[in-house]
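Good morning, and thank you for coming. Please look at the sequence and the structure first.

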Amino acid sequence: MQSPESADQIADPTAARTVGFVGLGLMGAPMAANLLRAGWQVTAWNRSEPALADLAAQGGHRAASVSSLDGEPIIIFMLPDLNYIADAAVGLLDSWRSRAPEPGTAVVVMSSVSPAGVRDFSRAVHSASAGNAVVIDAPVSGGVAGAQAGTLAIMAGGPEPDFNRLRPLFEALGSTVRRLGEVGAGSLAKACNQLIVGTTTAALAEAAELAERSGMDAAALFDVLAGGLAGSAVLESLGPRLAAKDYRTLGPAKFMHKDLTFVLESARQSGTAVPLATAAHEVYATVQDQGLGEFDLAVVRQAIANLSGAQLSGAQLSGAQPSGAQLSDAHQEGDRNPGGNA
């Protein structure tokens, strides 16, 4: 890996204000659009054409392939998981093995991925690029609304000089930008975020189901809870959907199960007891087992109702069924929980 001293002497990847962007899903599309509005030149690759056409209409450019981005000073990946990123990057790394990129090239992983896995990916990028490219893991929180407004929280891991050079890019996407440590630290921070969001959402779902089965209005309960110590951004964002049993997909619930797997992985590596994360991981496994993973995170309430013996009818649940277009988008983007991204 680059030393801080050598990193200080390499080119600033933000100087040209050009960036490659891979993955224009629920989160990626508005993030790329915000970069355009901030004056960046964005060249993007996406599996499906409509998102590329929409970005082009806003002034962006299409990439013929991920490998064609090999000359970009910054390449952002916003795909569902690290295996998608590694697969997409095969041609890119092959290109760099033939001709190394410019020193200071940055590969920015903004998806929710395994902290250990992103460190392995960083080593692969370093080797393929002859040490000229650095990986920064910078997952985000704030949902689709935060992505659209450019107010995401960005938690980054990587060498400090490289993070500092990328700060103008991050500040075009988010209002809270922090470096938490070396590569993998951003992903660990996001895992902690998902531990809090996942357990809180499940607790709210249980509270709503308990209240309603006891004759109380769940929306009224959440309204009063919001004014007390139980109030939170999770309650504000998910509460209305949980109370209304609105499971239309903003962020598929299946991704919370994946993200909590990273919590358990990190806990094992650090010797940390995580009983709440363990229980939540089992809850979201139940969501998957019940065939509800493609629905919004709020569908954890339905999973709890099913355990309680009150399943929605097929007609009721079909009204919340995500459309094919929504599912296609969901598979394109990288971090997907409340509001598309917790």
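Let me begin with helix α2, residues 28-37: eight of its 10 residues are buried, so this helix is largely enclosed by the rest of the structure. Buried here means under 20% relative accessible area, exposed means over 50%, and partly exposed lies in between, with a 1.4 Å probe and protein chains only. Helices (H or I, at least four residues) and strands (E, at least two) are DSSP runs, numbered from the N terminus. The buried residues of α2 are Gly28, Pro30, Met31, Ala32, Ala33, Asn34, Leu35 and Leu36. Just after α2, Gly39 adopts a positive phi of about 95 degrees.

A word on the basis of what I say. This is a predicted model, in which local features need pLDDT of at least 70 and side-chain atom pairs count only at pLDDT 80 or more, while totals for chains, interfaces and linings use all residues. Residues are numbered from 1 along each chain as its sequence is written, and side-chain values use heavy atoms, with hydrogens and water left out.

Which residues does Ala33 contact, leaving aside its neighbours within four places in sequence? They are Leu55 and Gln58, where contact means heavy atoms within 4.5 Å. Ala33 and Gln148 lie 115 residues apart in sequence, and their C-alpha atoms are 8.3 Å apart in space.

Now the protein as a whole. Its secondary structure comprises 16 helices and nine strands. Of its 342 residues, 56% count as buried. Among contacts between residues at least 6 apart in sequence, 71% join residues at least 24 apart. The accessible surface comes to about 13700 Å², and 55% of that belongs to carbon and sulfur atoms; these areas come from the Shrake-Rupley method with a 1.4 Å probe, and for residues only the protein chains shown count as cover.

As to confidence, pLDDT is the predictor's confidence in each residue, from 0 to 100. The protein averages a pLDDT of 90, and 88% of the residues score at least 70. Over residues 1-7 the pLDDT is below 50, and this stretch has 15 contacts in the model beyond near neighbours in sequence. Residues 322-340 also have a pLDDT below 50, with 85 contacts beyond near neighbours in sequence.

On a 1 Å grid over the protein atoms alone, a cavity is a set of points where a 1.4 Å probe fits but cannot get out; a pocket is an open set with protein on both sides within 12 Å along at least five of seven lines; and lining residues have an atom within 4 Å of a point. Grid points are joined across faces, edges and corners, and a volume is the space filled by probe spheres set on the points.

How many cavities of 30 Å³ or more does this rule give? The count is one. The largest cavity has a volume of about 40 Å³. Its lining consists of Ser111, Ser112, Val113, Pro139, Ser187, Lys190, Ala191, Asp259 and Phe262. By class, the lining has four nonpolar, three polar and two charged residues. Here Ala, Val, Leu, Ile, Met, Phe, Trp, Tyr, Cys and Pro count as nonpolar, Asp, Glu, Lys and Arg as charged, and the others, Gly among them, as polar.

The second largest pocket has a volume of about 220 Å³. Of the 18 residues lining this pocket, Gly71, Glu72, Pro73, Glu102 and Thr105 are the closest to its centre. The lining divides into nine nonpolar, four polar and five charged residues.

Next, the backbone. Most residues other than glycine have a negative phi. Ala130, however, has a positive phi near 55 degrees. Ala130 sits in the loop between α6 (115-128) and β6 (133-137), and is exposed at 58% relative accessibility. Lys245 likewise has a positive phi of about 55 degrees without being a glycine. Lys245 belongs to the loop between α11 (233-244) and α12, and is partly exposed, with a relative accessible area of 33%.

I finish with Gln288 in helix α13, residues 275-289. Is Gln288 buried or partly exposed? At 34% relative accessibility, Gln288 counts as partly exposed. Leaving aside neighbours within four places in sequence, Gln288 is in contact with Lys254, His257 and Gly293. The C-alpha atoms of Gln288 and Val300, 12 residues apart along the chain, are separated by 9.7 Å.
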